[in-house]
Amino acid sequence: MLQGIIFDKDGTLFDFNATWGEWTRVMLETEAGGDEALFLNLADAMGYDVVTRQFRPSSIVIAATASETADCMLRVLPDQEKGPLLARMNAASAEVTQIEAVPLIAYFAELKALGLHLGIATNDAEAPARRHLERAGITAHFDFIAGYDSGHGGKPAPGQLLAFCDQTGLSPQACAMVGDSTHDLHAGRAAGMRTIGVLTGPAPREELAPFADAVLPTIGDIPAWLKSEKLINS
């Protein structure tokens, strides 16, 4: 029986493009300082479509850590320093309005009522991640919250997931990793967990399916799937 679920954040709890599409345009325009050519170069480097204001499925931003995203930007902004850039990104992202994939307060209350231990493993920094969870009113539901900078590494390595198991006392075989990118699913497989892909990020079903036990439209479909697979009590 399943006893724990650890979730990615962006693209999983929150719709990726609906949340980050407009914010990214403003952020890139700010960093470009009004230089249109520089703005377009930044957008291209990040896999961001300036017309649709959405990320391409191949974008580095979908699965990268905030530090890796900053490194990508610095290849186009050679005169910038990483520390200040990353600080600006983290401060601004902490205040972004997150668009929930499903009503999260009721959703996580339902999962806790099923007796499941819950965690978050994100390639965002921990501080803005906690801010997003607090604003959604769901922080108290989680037994474990880790960003790429929390001391366990980032995905696709399994460190965050194994730390969740250490903290909860669960075996990886009793847990599932849920995410919208192959980084999430690779981390889950590496940790020895079941893996569930969701389609609220830019990655299409065919990209996720080879690495997932199931690919579902949203996290809202997980309880019914778990019951159908007899992984939790009906």
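Colleague: Are the faces of β1 covered or open?
Modeller: In this predicted model, both faces of β1 are covered. Gly4 and Ile6 lie on one side and Ile5 and Phe7 on the other, and all four residues are buried.

Colleague: Which strands pair with β1?
Modeller: Strand β1, residues 4–7, pairs in the parallel sense with β6, residues 175–179, over 4 bridges. Strand β4, residues 117–121, also pairs with β1 in the parallel sense, over 4 bridges.

Colleague: What stands opposite Ile5 in each of those strands?
Modeller: Ile5 stands opposite Ala176 in β6 and opposite Leu118 in β4.

Colleague: And which residue of β6 stands opposite Ile6?
Modeller: That residue is Met177.

Colleague: What is the strand order of the sheet?
Modeller: The sheet is open and has 6 strands in the order β5-β4-β1-β6-β7-β8, with parallel pairing.

Colleague: Which strands stand at the edges?
Modeller: The edges are formed by β5, residues 144–146, and β8, residues 214–216. Each has a single partner strand, so one side of each is left without a neighbour in the sheet.

Colleague: How much are neighbouring strands turned against each other?
Modeller: The average is 20°, with direction ignored.

Colleague: Where does helix α8 pack?
Modeller: Helix α8, residues 182–191, packs on the sheet and touches β6 and β7, the latter being residues 194–198. The direction of α8 makes about 170° with that of β7.

Colleague: Changing topic to α2: which residues are buried there?
Modeller: Within α2, residues 36–46, the buried residues are Leu38, Phe39, Leu42, Ala43 and Met46.

Colleague: Why are they on the same side of α2?
Modeller: They are on the same side because they cover an arc of only 135° around the axis.

Colleague: What covers the buried residues of α2?
Modeller: The covering elements include α1 (16–32) and α3 (66–74), together with strands β2 (48–49) and β3 (54–55).

Colleague: What does the side chain of Asp35 reach at the start of α2?
Modeller: A side-chain oxygen of Asp35 comes to within 3.1 Å of the backbone nitrogen of Ala37.

Colleague: And which residue takes a positive phi just after α2?
Modeller: Gly47 does, with a phi of about 70°.

How values were computed:
Residues numbered from 1 in each chain as written. Predicted model: local features only at pLDDT ≥ 70, side-chain atom pairs only at ≥ 80, totals over all residues. Heavy atoms only, no water. Buried < 20%, exposed > 50% of the residue type's maximum accessible area, 1.4 Å probe, protein only. Helix = DSSP H or I, 4+ residues; strand = E, 2+ residues; numbered from the N terminus. Arc of directions from axis to C-beta. Contact = heavy atoms within 4.5 Å. Polar contact = N/O pair within 3.5 Å; in protein donor to acceptor, adjacent residues only side chain to side chain. Pairing = 2+ DSSP bridges. Axes fitted to C-alpha atoms, helices over the stretch in contact; angles between N-to-C directions.
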